[in-house]
Amino acid sequence: MANDHVNSKVETVAKDQLFRKCDLSSLKFSTTDDLTDPEESLIGQDRALSSADFGIQMEGEGYNVFALGPEETDKRDLLERMINRQVAEYEPSPDWCYVCNYADEQKPKAIKLPSGKAVRFRQLMHELASDLPNALTSTFESEEYQNQRQAIEEEAKEEEQKTFRELQKKAEKKGLALMSSPSGFTIAPVKEGKVMKEKEVNELPEDERNRLEEEVMNFQKELSEALHRLPGKQRQYREKRQQLDKEVATYAVNDLIKKVEAEFGEFEAVQEYIKQTQEDIVNHVNRIMNPGGQNPMQQAMQQMGGGMPERDTSDPKNDPVLWRYTVNIVVDNSKKTGAPVIYEDNPTYTNLIGRIEHVTSQMGAMTTDFTHVKPGALHQANGGYLLIDAFRILTKPYAWDGLKRALQGKKLKIESPGEMYGLFSTKTLEPDPIDLDVKIILFGDRMLYYLLCQYDQDFNNLFKVEVDFEDVIPWDDQNQELYARLIARMARKAKLKPLDKSGVERVIEHAARLAHDSQKVTAEIRKIEDLLRESDYWSRKNGNQVIKRPDVDRAIQHQHYRSGRLKDRVQEEIKRKNVFIDTEGRKTGQVNGLSVLSIGNTVFGRPTRITARVQLGRGEVSNIEREVEMSGPIHSKGVLILSSFLGARYALQTPLSISASLVFEQSYSGVDGDSASSTELYALLSAIAEIPLKQSIAVTGSVNQHGTVQPIGGVNEKVEGFFDICAYRGLTGEQGVLIPTANVKNLMLKDELVEAVEKGQFNIYPVDHIDQGMELLTDMKMGEKTDSGTYPDDTINARVYEALNRYASIRQKFTALPNGSSK
Amino acid sequence: MKLKSILTALDSSVESQAGLRAAAELAGRTGAVLKSLYIEDENWFHATKTSIVRHINRHTGETIIVDEQEITRQSRALKSRLADQVDRVCNEFNVRSIYNSARGEIDFELKQASEDADLVVIGRRGTSFHTKDELGSTALYLAEKCTTPILMWSAYRNWPSMIFGITGDSETGAEIEQWVSMLSDLLSKDARMVMAGEWSETASDEKTVSAGEQILQHSFPWQTLEEPEDVYQWSGRGLIVVHRKDRLFKTIDLKKFMIKMYNPILLI
């Protein structure tokens, strides 16, 4: 079988492939001030834009939007602007307010009014409430009312007194007196207007005394009967008084009620409310006029004496009685045009659903009423759009459940989480639920979206529109121009100095480095914004009028410097030879691998020594990291692939009779990923064939079962990590890195590395197959399999093949039975 | 004219409480001391010692046993409760107050106490029923037996919007007008003088002479009545100020007048 790669000579990567220069010479501008804004703040996001447009306009249950993608893509800004453009065409959403439910104060009523009407409604009710005490007082103090009332009182009194007067007259005729005392009524014999003393009674003739005694007894019965009749009569007069009060109160508030009715009578809910308000006022006249008079006697006294305390009714909300007639606006759209677009940056349960506040009364008890019902973001956004950060809502207790419950029920019911989960049974308000018609725009990162899809059964039904933002966008001529205009817009928006062409070019080049790709630029524009701000800082520091390439360079370098402490410490350990990394000479079963460390804002490459040892065995390649549970599954998979590769290439006729072990030397933390699998294979082949490998070349790339080298991530950081060590020890021209050919397009290397390669001091070798790598590392031919199934002498394959056969023979010998057969 | 002390009689009735408030408000507006008097009727105690007397529960109509100790206890409780009410009302109107109690015959004790007061305020329709059966008997007693002005206050009323002075002769008319003037100023109410009876046709000139400059300043609207009986058209309207010795009451009966006019009446 002929392998092309065995015969191909590996050339180092060409200079122009190490770093893609941005060239804006075709774009005519001097500074970014000459560039116009792009139409959208994001470019190359056609899928996301189209999805967002669909999600914003699509009506129907569950067509809420989840915008996913990296945080730095500024999804919210884009979506908010798209929505604002859309809602301008919509009718404003209605206003909502809560009013007292007179029949059950615990259940405030919700009233829906056309946009902007609630404020006027509140004003009218406020005026009504403020004027109410005066209107009632003046009517109830009027001579006409007083006379009518007095007539009823007199009639009642007269009837009562008539009864007792008659009783008294009767008593008098019989020589008795009827007295009222603190203990009750007393019936006593009298003489000359005074109660007879015992002595006087005793002096009476026996007949007379007996008569008096009998008269007293009989009179007592009459009095008892009269007393029993009294409550019924008193009730009749009380009803008469109440009827009079109702009629007078109805008349007194008629004008005030009509004023509200004239403007709001067309709304059925308001009409009903006004009717109930009038009834409530009529039923609570005394309380309205005498809010403090809870004691019936005090009330009577206040009524009679006109000694009402000073009362300020200008703010009915704070009045002990008039608050009932105020209006609590929870949604006021009077100042809005179009449907509401709300962003809730702290989506706690109460900030979303609303809350019922409590106040402490003078006695220390917590009380509340409908005026303390506070709206949430869902109220404000009702009829429009609500934007929420998915991570934030998921980390706020009960908020996610509360949101889903509202969306599923299409009702906005204000209740505390304790009530929602049935944890507390304390009596509180139960405001009328409000109809909910809102579109939720969640935004978050991809992992969150996929986790929600996986684990939340309601999620897919509630968020049917996925707006997926790209992390990177193609770096083509068209996008390059748009990117330049985007940079110009960002600089203007942030009030930064303009960038000259070189500055813009450098920013775009850095955008490609952030994308880890010379053919793409990052879509994480917030990182670009930060770079622009920092470049502006250094530009000012340098006294420049415009931001130039050196300013951008300085900003990038300083970013690296600020976050580079850990990288410096790691490299220092290598330089001081506490961590063993050879950059010259040859070693058997040992190769320099490259890994990437990513902690916080720091991402850097670190060379790692990987070694392999071989002994007689049953074909296992053991991964020491895995044995001690320091490697992840992807790494373990890569190691297993090595066994497969060895077996397929060299052990088709004899069993693979080695036991090999692989280890990341001086690695004290976990390892994952398969980017070192080619490295491990080089070390393993070297160990089996006992061919030393060049230590001046570091290796990265994953490998498949056929030996094909596959691309890996972080190629720039890996290459730069090894280069830094070599540069420190002195570049020899022998040093270099093997990278997968597929990663060449990802190269966006730093200037000094590019310069070293240009001068032939450092090499980057793109390899497609493991055989190319082995040849470079050993300066030996790999050797192509002959028709006889063997390999040419002095080739790597031949050495490996022979070694494996040798191990197989030894194994066969050891496992042979006494009669010559084997197990 | 200045009121230095106002006396009001207290018991548990609504009328008495209304009288207390009216008295306190007047005291508050004039700076007078409010004297409140609670009288324990001697007859209550006599009744506890008489074997054939029956005591009836006010609410149930059942017979109850009341001895002197019990009536003393109940009376003390009422006295204490009334003292609290006096305190509350006086605090409300910011009035200096003296609260006293006495034991004896109600009319007599009240008459005695009224001699040290510039004005007596009592609730109309009597405090309660006692041995006398006539309505407003205490007021009538005081009207006849003492010389101190008496304001008979009707329960269930606020201060009326108008004050009427009703007179049948010039001498008492001047005194009436002084009171009308004072009350009008104190209470910020409209006032009017009414000349009642045939005499009134010739009395207007005399009034001007006897009333003096001070009275003239007020120059209330005057109204004359053809017949003294016409005064009853003001029944239930405004606060009425009349004089015990007015010629009017030679034509019409004072007692009848007081019963028929259920307005608040100031009898001077």
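The model is predicted: local features need pLDDT of at least 70, side-chain atom pairs count only at pLDDT 80 or more, and totals for chains, interfaces and linings use all residues. Residues are numbered from 1 along each chain as its sequence is written, chains are lettered from A in the order in which they are written, and side-chain values use heavy atoms, without hydrogens and water.

I begin with the interface. In chain B, 56 residues are in contact with 54 residues of chain A, contact being heavy atoms within 4.5 Å. Together the two chains bury about 5000 Å², 54% of it on carbon and sulfur atoms; this is the accessible area (1.4 Å probe) lost on putting the parts together, summed over both. How many salt bridges does the rule find across the interface of chain B and chain A? It finds zero, where a salt bridge is a side-chain nitrogen of Lys or Arg within 4 Å of a carboxyl oxygen of Asp or Glu. The largest share of the side of chain B that touches chain A comes from helix 3 of chain B, with nine residues. Helices here are DSSP runs (H or I) of at least four residues, numbered from the N terminus.

I turn now to chain A. The axes of helix 6 (residues 143–173) and helix 8 (residues 206–264) of chain A come within 10 Å and cross at roughly 175 degrees. These two helices of chain A are therefore roughly antiparallel, a term for angles over 145 degrees between N-to-C directions, on a scale from 0 to 180 degrees, with axes fitted to C-alpha atoms over the stretch in contact.

Finally, over all chains the count comes to 47 salt bridges. In one of them, the side chains of A:Arg649 and A:Asp771 meet at 2.8 Å, N to O. A:Arg649 lies in helix 25 of chain A and A:Asp771 in helix 29 of chain A, so the pair ties together parts 122 residues apart in sequence.

How values were computed
Angles under 35 degrees count as roughly parallel, over 145 as roughly antiparallel, 65 to 115 as roughly perpendicular and the rest as oblique.
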